Amino acid sequence: MKAIGARVKPWLRWAILGGTLFFLVKVLKENWQSVTQIQISASGWACLAIALGITLLAHTFAGWVWSQILQDFHQSVNRGWIIQAYLKTNIAKYLPGNIWHYYGRITAATTAGASVASATVSVLLEPLLMAASALIIALFCSQQIVAKYGFPALLLQLCGLGAVLLSVHPIVLNQLIQRLRQLKGRSSPEPASNAQPFQLDHYPIVPLLGEMGFLLLRGVGFLATFVALSPITPDQSWMLLSAFSVAWLLGLVVPGAPGGIGVFEATALTLLDRQFAPGLILSVVACYRLISILAETAGAGLAQLDAQLGQVD
């Protein structure tokens, strides 16, 4: 069964990516004329610039949250260096496989002085906390989503949130840490006592709140992008924030979509098609994807520049 799963998994990833891209191309073809009619005013360009700045700030803040996770594991790491490493590795999520940014962060954390086990658990914990944050934000803003999809949608969100919050409990995480120690002890000739001990002594409330801040910043960037193309009401803002959280979460967890490309856009179109014109949504998600990539590229470049200036000093 494992051999069959290993063979099917790459094809499944390509099928998911191909299916979402086909859906987007189909919607774009049907609404191409309305997309081309959308114009961006001077104030709209200002909103896009604000969205870029907020998105860059969000990624920088996410780097700080990752450094907090490592410190909660009692790892003595330099926050500034960890944030730089986070920004420099973030762009690697667009490579095929969608794992290379995690590999880069593990390597960076161990270079900064963290143990391999703590670095590995930290990069596993980070997306779980992000998923929990997305579900919490979606629940707070889910009135319109529930009105469209009914109570089962709310129940599914609650069950998913409960499962994720349980998975990041110290009891569960410390069991995982213990197993990693055992595996390391079997593979390493060094005595287990020489390994740098670490565990989570309390529920990761601060990192969870930090990831909520990261998602809220990303959501505000999405709202600013939307406002650049079309005005929205306060009630629509909450609906957009909820839809963004769900779309971003699916882009995070669905395999076969590096950086969530295709999945995020298709989900946003599905959730918002009754409230807004498809051509408008297509334009917004395309602009936001471009802004996200520009912010991640700028973050990586600025982090590299800061590291080089630090070496010169």
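Author: Helices (H or I, at least four residues) and strands (E, at least two) are DSSP runs, numbered from the N terminus. In this predicted model, the protein chain has 13 helices and zero strands. Residues are numbered from 1 along each chain as its sequence is written, and side-chain values use heavy atoms, with hydrogens and water left out. Local features need pLDDT of at least 70, side-chain atom pairs count only at pLDDT 80 or more, and totals for chains, interfaces and linings use all residues.

Reader: What average pLDDT does the protein chain have?

Author: The pLDDT is the predictor's confidence in each residue, from 0 to 100. The protein chain averages 80, and 75% of the residues score at least 70. Over residues 189-195 the pLDDT stays under 50, and the model has one contact (heavy atoms within 4.5 Å) beyond four places in sequence for them. Where pLDDT is low, the predicted coordinates should not be read in detail.

Reader: How many residues of helix α12 are buried?

Author: A residue is buried under 20% relative accessible area, exposed over 50%, and partly exposed in between (1.4 Å probe, protein chains only). Nine of the ten residues in α12, which spans residues 263-272, are buried; among them are F264, E265 and L272. In the protein chain, buried residues make up 46% of the 313 residues.

Reader: Which residues touch the most other members of the largest nonpolar core?

Author: A nonpolar core is a set of buried Ala, Val, Leu, Ile, Met, Phe, Trp, Tyr and Cys residues joined through side-chain atoms within 4.5 Å. Of the 63 residues in the largest one, F73, F222, W248, F264, L272 and F276 touch the most other members. Helix α6 (residues 116-140) gives the largest share of this core, 15 residues. Leaving aside residues up to four places away in sequence, F264 touches partners including F222, W248 and Y288.

Reader: Why does S292 count as buried?

Author: S292 lies in helix α13 (residues 278-312) and counts as buried because its relative accessibility is 2%. Beyond four places in sequence, S292 touches T55 and R218.
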